[in-house]
Amino acid sequence: MGVLNVTPDSFSDGGRFVAPERALAQARRMVAEGADIIDVGAESTRPYGAQPVTAEEELNRLRPILAEVVGLGVPVSIDSMKPAVVAWALDSGATIANDVWGLQRDPAMPRLLAERHSPVIVMHNRDCVDADIDIMKDIAAFFARSLDIATTAGISRDNVVLDPGIGFGKTPEQSLTALARLSELRVFGLPLLVGASRKRFIGSVMPSEPEQRLGGSIAAHLVAAQAGARIIRTHDVWETVQALRVATAIEEKR
Ligand code: HH2
């Protein structure tokens with residue numbers, strides 16, 4: 001899954017793809033490099049310094065590009081926590097909802113996704129970081145709650161992908177733990193998505209700016225894939241696809 005942020009303030013690529021022609025060029029490039037899904041976001045969810053935006057502003061950022069990204073021929077997911085934005089994106093050809101609040105922020109979200117029979121990425125999140133909790137217990141309890149909400153709303157379990165939300169409501173240590181113990185989340189029997197790309201926990205292991213974290217991102221994504229992640233969310237598609245394919249080719253010789 002290649003990340004396309006049409007935002008001025010995303011933590012690693014804010015402002016780079018706000019101009020529609022740049023956004024489209026980046027989407028085309030990611031598809032050519034091997035992305036199977038493009039995840040389009042118009043609001044930064046970074047833990048510090050993100051500017052909350054209205055649904056209207058998100059739509060203004062998405063309108064010039066979404067249909068053309070859909071036209072590239074790979075499934076498009078919409079990274080938004082606002083049901084109005086997700087509804088518009090699904091009407092415009094996006095086919096997957098990426099909800100960084102795991103159906104738990106706005107009750108209109110599960111209703112909408114049930115109505116549209118839309119696949120949904122349920123990501124773990126927390127309002128407050130708490131270094132003292134067992135993060136795996138918290139993630140599992142959150143997923144159980146999201147799945148209850150999904151069932152009640154009429155969302156088919158087959159349409160749910162689970163994501164531990166690396167860097168969301170977690171200390172860097174907890175993000176590392178979530179990656180180390182990812183395979184425990186296989187008990188839900190659902191596909192797992194991991195997005196570690198350029199995130200802060202990498203800088204906690206080796207101090208670096210987001211654009212200097214490609215090596216750490218690839219290491220985290222290979223570990224995640226080996227633990228069972230089926231979808232990897234990345235800003236650096238070519239390098240990530242290459243790493244995953246080489247790891248798979250080696251694995252096949254075992
Ligand atoms: N991470 C980010 C945003 N959306 N969605 C899912 N499902 N999983 C993630 O790990 C995830 C996500 C943060 O990365 P990015 O989009 O680059 O930054 P920003 O939120 O600042 O735009």
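Q: How far apart are the axes of helix α6 and α7, and at what angle do they pack?
A: In this model, which is predicted, helix α6 (residues 135–153) packs against α7 at an angle of about 70°, and their axes are 9 Å apart.

Q: What does that make them relative to each other, parallel or perpendicular?
A: Angles from 65 to 115 degrees count as roughly perpendicular, and α6 and α7 are therefore roughly perpendicular to each other. As for handedness, the crossing in which α6 passes α7 is right-handed.

Q: Which residues meet there?
A: From α6 the residues are Ile135, Met136 and Ile139, and they meet Gln174, Thr177 and Ala178 of α7. Sorted by class, this contact of α6 with α7 holds four nonpolar and two polar residues, with no charged ones.

Q: OK, switching to pockets: how much space is in the largest one?
A: The largest pocket holds about 530 Å³ of space. Its lining is made up of 32 residues, of which Phe11, Arg46, Pro47, Phe168 and Lys199 are the closest to the centre of the pocket.

Q: How many cavities of 30 Å³ or more turn up in the whole structure?
A: A search of the whole structure finds one cavity of 30 Å³ or more, and the volume of the largest cavity is about 30 Å³.

Q: What lines the largest cavity?
A: The lining of the largest cavity consists of Glu43, Thr45, Glu58, Asp79, Ser80, Met81 and Val100, which by class come to three charged, two polar and two nonpolar residues.

Q: Back to helices: how do α4 and α5 cross?
A: Helix α4 (residues 83–91) and helix α5 (residues 108–116) have axes that come within 9 Å and cross at roughly 15°. That angle makes α4 roughly parallel to α5, and the crossing of these two helices is right-handed.

Q: Which side chains are we talking about in that contact, or rather which residues?
A: On the α4 side the contact is made by Pro83, Val86, Ala87, Leu90 and Asp91, and on the α5 side by Ala108, Met109, Leu112, Leu113 and Arg116. The contact of α4 with α5 has eight nonpolar and two charged residues, and no polar ones.

Q: Last pair, α9 and α10: what's the geometry there?
A: The axes of helix α9 (residues 214–226) and helix α10 (residues 237–251) come within 10 Å, with a crossing angle of roughly 40°, and that makes α9 oblique to α10. Here too there is a right-handed crossing, with α9 passing α10.

Q: And who makes the contact?
A: α9 contributes Leu214, Ile218, His221, Leu222, Ala225 and Gln226, while α10 contributes Glu239, Thr240, Ala243, Leu244 and Ala247. By class, the residues of the contact of α9 with α10 divide into seven nonpolar, three polar and one charged.

Terms used:
Residues are numbered from 1 along each chain as its sequence is written. This is a predicted model: local features need pLDDT of at least 70, side-chain atom pairs count only at pLDDT 80 or more; totals for chains, interfaces and linings use all residues. Side-chain values use heavy atoms; hydrogens and water are left out. On a 1 Å grid over the protein atoms alone, a cavity is a set of points where a 1.4 Å probe fits but cannot get out, and a pocket is an open set with protein on both sides within 12 Å along at least five of seven lines; lining residues have an atom within 4 Å of a point. Grid points are joined across faces, edges and corners, and a volume is the space filled by probe spheres set on the points. Axes are lines fitted to C-alpha atoms, for helices over the stretch in contact, and angles run from 0 to 180 degrees between N-to-C directions. Helices (H or I, at least four residues) and strands (E, at least two) are DSSP runs, numbered from the N terminus. Angles under 35 degrees count as roughly parallel, over 145 as roughly antiparallel, 65 to 115 as roughly perpendicular and the rest as oblique. A crossing is left-handed if the near helix is turned anticlockwise from the far one by less than a right angle, and right-handed if clockwise. Contact means heavy atoms within 4.5 Å. Ala, Val, Leu, Ile, Met, Phe, Trp, Tyr, Cys and Pro count as nonpolar, Asp, Glu, Lys and Arg as charged, and the others, Gly among them, as polar.
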